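Please look over the model below before reading the points. The note is meant for someone who has not seen this structure before.

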Amino acid sequence: MRFDWKQLSTLDRVVVGGAAVAFIALFLPWYGVSVGPFSASVSGWSAGFTAWAGGLLLTVAGVLLVLRRSGATLPSLQIGPTVLVAGIAALGLLLVIIRWTTLPRYHVSSLSYDAGARYGLYVALIAGIAEVTAAVMAMRVSGEKMPWAPANHSAAPPAQPPPAPSAPDE
């Protein structure tokens, strides 16, 4: 198994880069509270299941792509590898979005009180959007059969169109 960064397409590099940034973002502040001069925050690992699971799924999608491109033997599935990468990345992004929308937000300017999302969550969100966009574009370019596409049964000959109507007799 050998990995060569130069053999990755631009879309593959965006997916892998987004995965790396999403993993790093898990260590940054995702939620915090500030009261006057004091503040406290929690990283993505401590911001709840949807935070760390979403970040890890985004990371797994990039790792899976690297493994596929480096020639590692992976178990065969009913879906193609680019569809799998796009699906895992999309699920990870969905979980990050759920965490972002469910975090409580408070702001009281008279008390200098602020609670809400911090920059680590936004970094993960942007990385996830870039990763999913590139993964979906790579999936479309790959030409793989989509799991929801109808099965192609070529055993039966195609139906013949009905004969054209004859001209009326006058």
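The points below take the sheet, then the aromatic rings, then the pocket and the cavity.

1. Basis. This is a predicted model, in which local features need pLDDT of at least 70 and side-chain atom pairs count only at pLDDT 80 or more, while totals for chains, interfaces and linings use all residues. Residues are numbered from 1 along each chain as its sequence is written, and side-chain values use heavy atoms, with hydrogens and water left out.

2. The sheet. Four strands form an open sheet in the order β2-β1-β4-β3, with antiparallel pairing. Strands (E, at least two residues) and helices (H or I, at least four) are DSSP runs numbered from the N terminus, and two strands pair if DSSP finds at least two bridges between them. The edge strands are β2 and β3 (106-108), each of which pairs on one side only. From one strand to the next, the twist averages 15°; the axes behind this angle are lines fitted to C-alpha atoms, for helices over the stretch in contact, and angles run from 0 to 180 degrees between N-to-C directions.

3. The hairpin. With two residues between them, β1 and β2 form a hairpin, and G36 in the turn has a positive phi of about 60°. Six bridges pair the two strands, β1 and β2, in the antiparallel sense. Y31 has V42 in β2 as its bridge partner. Of the six residues of β2, the count of buried ones is zero, and the strand is hardly covered. Here buried means under 20% relative accessible area, exposed over 50% and partly exposed in between, with a 1.4 Å probe and protein chains only.

4. The other pairings. β1 and β4 run antiparallel and are joined by five bridges; V33 has its bridge partner, A115, in β4. β3 pairs with β4 (residues 113-117) over three bridges, also in the antiparallel sense. There, V108 is bridged to Y113 of β4.

5. Aromatic pairs. How many aromatic pairs are there by this rule? The count comes to five, where rings of Phe, Tyr and Trp (its six-membered ring) pair if their centres lie within 6.5 Å, and planes under 30 degrees apart count as stacked, over 60 as edge-to-face and the rest as tilted. The pair of F27 and W45 is edge-to-face because the ring planes stand at 65°, with the centres 5.6 Å apart. This pair links distant parts of the chain, 18 residues apart: F27 is in the loop between α1 (10-25) and β1 (29-35), and W45 is in the loop between β2 (38-43) and α2. F27 is exposed at 52% relative accessibility, whereas W45 is partly exposed at 33%.

6. A pair within a helix. The rings of F49 and W52 have centres 5.1 Å apart and planes at 85°, so this pair is edge-to-face. Both F49 and W52 lie in helix α2, three residues apart, which is about one turn of the helix. F49 has a relative accessible area of 52% and is exposed; W52, at 32%, is partly exposed. Elsewhere, ring pairs link F23, F27 and W45 into a cluster.

7. The largest pocket has a volume of about 190 Å³. On a 1 Å grid over the protein atoms alone, a pocket is an open set of points with protein on both sides within 12 Å along at least five of seven lines, a cavity is a set of points where a 1.4 Å probe fits but cannot get out, and lining residues have an atom within 4 Å of a point. Grid points are joined across faces, edges and corners, and a volume is the space filled by probe spheres set on the points. Residues lining the largest pocket include L64, R68, L74, P75 and L84. Helices α2 (49-69) and α3 (81-102) each supply at least two residues of this lining.

8. The cavity. By this rule there is one cavity of 30 Å³ or more, and the largest cavity has a volume of about 30 Å³. Its lining is made up of L65, R68, R69, P81, T82 and V85. The elements giving two or more residues to the lining of the largest cavity are α2 and α3.
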